[in-house]
Amino acid sequence: MFSSALNDILFTLVSARPNSIICENLAREIDQTLKNDYQRAAEKALSKPVPALAASDWIDRPDAYLAARLERRELLLSLVLGEFVTGSGRYINRIIDLAWAITEEATWAEARDISTADMPEEDNFSFETASLLAWTWHLTGNAIGRKSKYVLNRIEDSVSSRILAPFSAQEAPEWTKRRGERTFERLTNLLSAYLLIDTRDKRRWISIRRIFLMLDSIIREFPADGVHPSGIEAWQKDLSYLSDASRLVLYATDGRVDLATDKKFRRMADYAVSAHMGNGLFLNPDGAPNPSLAGETIFKIGLFSANPALQKLGASLGAGQAAAPASSVTEKVFASIIHKDYLAASPRYPIRKRVSLPIGKLVAAYENGFQAALTGGSRITGHEDAGNLFLTYHGEIVFFDTGDAHSRAMYHSCPIVNGIYPEMLTPSLIQMHPTCTRIAH
């Protein structure tokens with residue numbers, strides 16, 4: 001995915017300087033309601049002191065020590081986003097105070113792992129901190145520099161010496177060779193730091209190349225049809241970070257390299273749509289989607305992979321959901337930029353004319369606005385002589401089999417309508433049930 005475009009990426013990277021990738025004018029595109037939320041959060045953060053780190057807490061109360069360090073980072077992120085969307089300069093002094101305090105910390109390893117302080121590339125917390133400081137330098141660096149060039153250089157030097165230089169000097173750590181353990185997240189945090197703050201071009205290019213090759217080596221584990229080996233919830237997590245990495249590339253190359261066109265990436269992104277029709281995911285009579293997925297994250301993956309069906313699915317899943325909590329600053333920034341598009345998206349479950357899933361043994365038909373999908377029988381009992389039926393009309397669900405494991409085994413996966421088992425489904429009940437009436441017509 002990345003290696004096929006590697007030469008184009010490296011030769012078109014714009015120099016990493018504050019505001020050269022995520023331009024200030026992007027803040028104008030952010031939804032006004034979100035801007036107001038960020039400004040309120042920044043005002044709240046402004047009213048709080050910089051949390052102190054006490055040695056006695058590190059010795060006797062490591063949870064309190066860790067909580068104070070986490071609060072520092074949460075406050076800094078709130079202030080940086082507030083300054084980004086307002087450009088007022090109101091929050092710069094406190095941003096400087098918090099960035100200075102974080103660079104003064106003896107280690108970015110967690111308290112219980114302080115012995116690994118000489119290997120920051122092995123620690124998630126270190127990567128998250130480096131990415132946060134890189135975004136701070138990138139989004140508010142001009143304003144910080146007007147106050148003090150020394151502070152701006154201190155932030156860069158701290159990220160460089162603790163993270164960027166050690167990683168560039170080592171062979172690939174063991175964790176980069178396997179999926180899981182937040183590997184995609186770590187590599188995306190590393191990528192953001194190199195792209196946003198590293199001014200040493202040779203080291204930056206070599207390290208970015210290594211990161212892309214590492215990402216590709218893990219992506220190869222995805223089957224050719226894009227199905228995720230660990231299921232759709234793991235798919236959401238992994239594809240979210242890959243989407244962020246792709247968007248970073250798009251901005252860093254000034255729009256000249258768009259990885260959303262990569263065939264493998266698009267197949268991986270399409271997996272949720274296929275799984276939805278093939279296995280009846282997200283259809284739950286109690287209201288909550290199953291499995292639980294964040295609509296805004298699904299929408300983002302669809303947007304980055306140019307997949308309209310996935311965007312509509314994300315908008316449908318997100319209806320009534322609270323905003324998904326961002327697990328990284330990169331994710332937060334990109335979620336902010338696309339939030340207006342997400343709110344304006346047309347929510348609809350995807351319609352597919354044909355889907356082929358080896359697990360679901362799916363057969364699909366499409367005619368006059370109706371789509372019917374019939375999967376193989378219960379995989380729990382091994383019965384394949386009947387199926388699970390899903391029917392949509394112009395993208396709206398009108399009928400689905402929601403039988404549990406026992407009912408599928410007992411009734412050979414015959415449909416259940418609003419909890420009514422097949423043996424109880426009399427003609428009078430069918431007439432009374434609006435879903436069945438719509439089907440009859």
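This is a predicted model: local features need pLDDT of at least 70, side-chain atom pairs count only at pLDDT 80 or more; totals for chains, interfaces and linings use all residues.
The protein has 441 residues, and 52% of them count as buried. Its secondary structure consists of 17 helices and four strands. Among contacts with a sequence separation of 6 or more, 69% are between residues 24 or more positions apart.

The largest nonpolar core holds 100 residues. The members that touch the most other members are Phe2, Ile22, Trp135, Phe212, Trp235, Leu310 and Phe334. Leaving out residues up to four places away in sequence, phenylalanine 2 touches Ile9, Phe212, Leu215, Asp216, Ile219, Leu242, Ala245, Ser246 and Leu259. One of these partners, Phe212, is itself listed among the core members with the most contacts to other members.

On the H2 side the contact is made by Lys35, Tyr38, Gln39, Ala41, Ala42, Ala45 and Leu46. These meet Leu75, Ser78, Leu79, Leu81, Gly82, Val85 and Thr86 in H4. By class, the residues of this contact between H2 and H4 are nine nonpolar, four polar and one charged.

H4 also packs against helix H6 (residues 124-147), where the two axes come within 10 Å and cross at roughly 25°. An angle under 35 degrees counts as roughly parallel, so H4 and H6 are described as roughly parallel to each other. The crossing of H4 and H6 is left-handed. H4 contributes Leu66, Arg69, Leu70, Arg73, Leu76, Leu77, Val80, Glu83 and Phe84. From H6 come Phe125, Thr129, Leu132, Leu133, Trp135, Thr136, Leu139 and Thr140. The contact of H4 with H6 divides into eleven nonpolar, three polar and three charged residues. Trp135, which meets H4 from the H6 side, is also one of the core residues that touch the most other members.

Glutamate 156 lies in H7 (residues 149-168). Its relative accessibility is 12%, and because buried means under 20%, glutamate 156 counts as buried. Apart from neighbours within four places in sequence, glutamate 156 is in contact with Trp137, Ile197, Thr199 and Arg200. Threonine 199 is 43 residues from glutamate 156 in sequence, while their C-alpha atoms are 8.7 Å apart in space.

Helix H12 (residues 295-304) is mostly covered, with nine of its ten residues buried. The buried residues are Gly295, Glu296, Thr297, Ile298, Phe299, Lys300, Ile301, Gly302 and Phe304. After H12 comes alanine 306, which sits in the loop between H12 and helix H13 (308-318). Alanine 306 is not a glycine, yet has a positive phi of about 55°. With a relative accessible area of 40%, alanine 306 is partly exposed.

Terms used:
Residues are numbered from 1 along each chain as its sequence is written. Side-chain values use heavy atoms; hydrogens and water are left out. Contact means heavy atoms within 4.5 Å. Helices (H or I, at least four residues) and strands (E, at least two) are DSSP runs, numbered from the N terminus. Ala, Val, Leu, Ile, Met, Phe, Trp, Tyr, Cys and Pro count as nonpolar, Asp, Glu, Lys and Arg as charged, and the others, Gly among them, as polar. A nonpolar core is a set of buried Ala, Val, Leu, Ile, Met, Phe, Trp, Tyr and Cys residues joined through side-chain atoms within 4.5 Å. Buried means under 20% relative accessible area, exposed over 50%, partly exposed in between (1.4 Å probe, protein chains only). Axes are lines fitted to C-alpha atoms, for helices over the stretch in contact, and angles run from 0 to 180 degrees between N-to-C directions. Angles under 35 degrees count as roughly parallel, over 145 as roughly antiparallel, 65 to 115 as roughly perpendicular and the rest as oblique. A crossing is left-handed if the near helix is turned anticlockwise from the far one by less than a right angle, and right-handed if clockwise.
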